[in-house]
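Dear colleague,

Please find below the structure that I am handing over to you. My notes on what was found in it follow directly after.

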Amino acid sequence: MDEAAPRARTRLELGALATLAALALAALVGVLAVADAGHEVSGLGVGVGVAAATFLSGAAFAVALACLARGRAEALALATIAATGVALDLLVLAVLLDLDDEAYGKLVGVAFTWSFFGLLVLGLALALPAPRGLAQTLYVAAVVAALAAGLVTTWLVATAGSEDGVVTESGLVPVDALGSEGLLRPLGVALVLLAALWFGALAADRRERALTR
């Protein structure tokens with residue numbers, strides 16, 4: 001009897017394996033970083049920092065896997081898992097090796113940027129399984145706003161330190177090292193629109209569902 005042909009891995013399996021690999025590496029490197037800390041208090045601080053980064057990254061992992069399980073935005077879900085895994089592992093590795101390289105930091109920043117915006121888009125895709133009418137229009141607009149914000153943020157991170165930046169009066173936003181000052185205002189506009197469109201699409205979808213009951 002012929003042996004059965006090997007079954008091709010589904011996108012959900014690939015996403016789950018990638019997530020497990022990223023988390024396993026982060027855990028291993030994180031434990032080494034805690035053990036390598038010079039003082040007990042420093043070890044606790046490193047552990048808290050790595051755990052916080054892992055939990056924040058876990059939100060993107062969870063939403064991406066949920067989308068893969070439901071067959072929604074699968075390409076974006078896999079890309080978000082990849083970006084999140086790269087960002088998390090590189091960040092934890094930097095903690096262990098005490099890296100202070102500008103290019104390395106920019107790579108981590110770009111990866112976290114797309115992890116964050118991927119999380120927002122995938123979260124909306126989960127909340128709106130089949131948007132119609134106004135909800136669909138607002139959904140598409142939210143995706144466009146997220147893409148625009150992601151591209152601008154990527155450019156700002158990539159060009160950080162190359163030009164004179166801007167220091168906010170409050171000092172709460174550390175943008176003094178960012179280049180392309182003229183893009184800061186458009187980024188703010190894109191973020192405001194993204195937030196409004198995200199929740200607007202959700203409200204419009206719920207209204208549409210209530211009217212069709």
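**Findings**

From the N terminus on, the elements of the protein run α-α-α-α-α-α. In total the protein has six helices and zero strands; helices (H or I, at least four residues) and strands (E, at least two) are DSSP runs, numbered from the N terminus.

Please note that this is a predicted model, in which local features need pLDDT of at least 70 and side-chain atom pairs count only at pLDDT 80 or more, while totals for chains, interfaces and linings use all residues. Residues are numbered from 1 along each chain as its sequence is written, and side-chain values use heavy atoms, with hydrogens and water left out.

**Confidence and overall figures**

The mean pLDDT (the predictor's confidence in each residue, from 0 to 100) is 86 for the protein, and 87% of its residues reach 70 or more. Over residues 162–176, pLDDT stays under 50, and the model has 16 contacts for this stretch beyond four places in sequence. A contact here means heavy atoms within 4.5 Å.

Of the 213 residues of the protein, 34% count as buried. The term buried means under 20% relative accessible area, exposed means over 50%, and partly exposed lies in between (1.4 Å probe, protein chains only). The protein exposes about 12,500 Å², of which carbon and sulfur atoms supply 68%; these accessible areas come from the Shrake-Rupley method with a 1.4 Å probe, and for residues only the protein chains shown count as cover. Among the contacts in the protein with a separation of 6 or more, 72% are accounted for by residues 24 or more positions apart.

**Helix H3 and its surroundings**

Helix H3 (residues 74–97) has 24 residues and reaches 34 Å from its first C-alpha to its last, close to the 34 Å expected at 1.5 Å a residue. The expected span is 1.5 Å times one less than the number of residues in the helix. The buried residues of H3 include Ala77, Thr80, Thr84, Leu88 and Asp89. Their cover includes helix H1 (11–36), H2 and helix H4 (102–127).

Leu78 also belongs to helix H3, but Leu78 is partly exposed, because its relative accessible area is 26%. Leaving aside neighbours within four places in sequence, Leu78 is in contact with Arg11, Gly15 and Leu68. The C-alpha atoms of Leu78 and Ala18 are separated by 8.8 Å, although the two residues are 60 residues apart along the chain.

**Two residues of helix H2**

Ser57 is found in helix H2 (residues 40–70). With a relative accessible area of 2%, Ser57 is buried. A polar atom of the side chain of Ser57 lies 2.9 Å from the backbone oxygen of Ala53. This may be read against the definition of a polar contact: a pair of N or O atoms within 3.5 Å, where within protein one must be able to donate a hydrogen and the other to accept it, and residues adjacent in sequence count only if both atoms are side-chain atoms. Not counting residues up to four places away in sequence, Ser57 touches Thr84, Leu88 and Phe112.

Ala66 likewise has its place in helix H2, and at 18% relative accessibility Ala66 counts as buried. Ala66 and Ala77 are 11 residues apart in sequence and 8.8 Å apart in space, C-alpha to C-alpha.

**Positive phi angles in the loops**

Most residues other than glycine have a negative phi. Ala73, which is not a glycine, has a positive phi of about 45 degrees. Ala73 lies in the loop between H2 and H3 and is partly exposed, with a relative accessible area of 34%. Asp98 has a phi near 55 degrees, again a positive value in a residue other than glycine.

**Aromatic pairs**

Rings of Phe, Tyr and Trp (its six-membered ring) pair if their centres lie within 6.5 Å; planes under 30 degrees apart count as stacked, over 60 as edge-to-face and the rest as tilted. By this rule the count comes to two aromatic pairs. In one of them, the rings of Phe116 and Phe117 have centres 5.1 Å apart and planes at 70 degrees, so the pair is edge-to-face. Phe116 is partly exposed, with a relative accessible area of 42%, whereas Phe117 counts as buried at 6% relative accessibility.

With kind regards
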